[in-house]
Each structure stands twice: as structure tokens, then as C-alpha cells.
Amino acid sequence: MLSSLIDRCLKEGASAVDCRLGVSEGVNVDVREGKLENIERSEAQGVSLRVFYGQRQAHVSGSDLSDDGLSALAERCVAMARVVPEDKFCGLPDASLLATDMPDIDTTGDGEIPLEQIERDALEAEAAALAVAGVKTVG
């Protein structure tokens, strides 16, 4: 997906492009007075795109990862880069300065934590906070 986004920008006239894709999931558990109050789950995805047009650059981001959405993002970003003032300092670093031997690191995290564990942790955190002198619930 990202390589086709880069290709689209280059076809639109960009001289260089970089982009990234972000995906996140989250769970939020609220407790109050020792009882479960709220559970909220969120999921998000988005793409960030930076386009260079000579010594000009523009940056856009979006969450529509459909083919049409990515095409519109590419067109918009290149159009923006064409009209901004030149900046003698903008551009990507020389390829010789980029890391080529990347370490093998785990960026996946611990996986999904069971909801029961999150609720237990939230209850323990509330109890610990309320055990501090002067801390109390409001409302």
C-alpha cells in the first residue's frame, strides 16, 4: 500500500516522498468507588505523507486507506508542495547517511490483555490512590 502511494506521488511530479502507516488499538476501563463504571475500545489507522517538489515540501495525513482516498491524499499533497515557498534546507538525507542494517526488534507489544485483568488493575490503582491521605472521589 505505501509503495503504491509513493508511486502515485512520483507520477504526480514529486521529486521525493516519504510516508508511514500507523495502526493502533486500545481499551480504557474506568472504575469509581470500587465498581466498574465504563469500558471503551478504540481502533485507529492512518497514513502520513510527506512530498518534496524540488526544494518545496508538504505534509498531509488521513485515515481513508481506500484506493480513492489514497489517490486524493497523493494529489492533494503534491499540489500543496508545488505552491509553497522554496526552502533551501528541505529534502531527504543522502542515501549514504541512512541506516541499512536495522536491528531485529519486536514492535508488536504484549498482545491483548484480558479485560478482567485491566479491570482488576484499574480497581487496584483506584484503591491505591484512595489510600493516600487527602485523595478522594468527587461528585
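Five salt bridges are counted in the predicted model, a salt bridge being a side-chain nitrogen of Lys or Arg within 4 Å of a carboxyl oxygen of Asp or Glu. Side chains of opposite charge can pair when their charged atoms come close. Arginine 8 belongs to helix α1 and aspartate 67 to helix α2, so the pair ties together parts that are 59 residues apart in sequence. Helices (H or I, at least four residues) and strands (E, at least two) are DSSP runs, numbered from the N terminus. The model is predicted, so local features need pLDDT of at least 70 and side-chain atom pairs count only at pLDDT 80 or more, while totals for chains, interfaces and linings use all residues. Residues are numbered from 1 along each chain as its sequence is written, and side-chain values use heavy atoms, with hydrogens and water left out.

Helix α1 (residues 2–11) and helix α2 (residues 67–83) have axes that come within 9 Å and cross at roughly 40 degrees. Axes are lines fitted to C-alpha atoms, for helices over the stretch in contact, and angles run from 0 to 180 degrees between N-to-C directions. From α1, Leu5, Arg8 and Cys9 make the contact, and from α2, Asp67, Leu70, Ser71, Ala74 and Val78; contact means heavy atoms within 4.5 Å. These residues divide into five nonpolar, one polar and two charged. Ala, Val, Leu, Ile, Met, Phe, Trp, Tyr, Cys and Pro count as nonpolar, Asp, Glu, Lys and Arg as charged, and the others, Gly among them, as polar.

Strand β1 (residues 16–32) pairs with strand β2 (residues 35–53) in the antiparallel sense over 17 bridges; two strands pair if DSSP finds at least two bridges between them. Valine 29 stands opposite isoleucine 39 in β2, and the bridge partner of valine 23 in β2 is glutamine 45. Two residues lie between β1 and β2 in their hairpin, and glutamate 33 in the turn has a positive phi of about 55 degrees. Strand β3 (residues 56–62) is joined to β2 by seven bridges, and these two strands run antiparallel. Valine 51 stands opposite alanine 58 in β3. The hairpin of β2 and β3 also has two residues between the strands, and glycine 54 there takes a positive phi near 65 degrees.

The three strands form an open sheet in the order β1-β2-β3, with antiparallel pairing. β1 and β3 stand at the edges, each with a single partner strand, so one side of each is left without a neighbour in the sheet. The twist averages 20 degrees from one strand to the next. Helix α1 packs on the sheet, touching β1 and β2, and its direction makes about 135 degrees with that of β1. Helix α3 (residues 115–130) lies across β1 and β2 and runs at about 65 degrees to β1.
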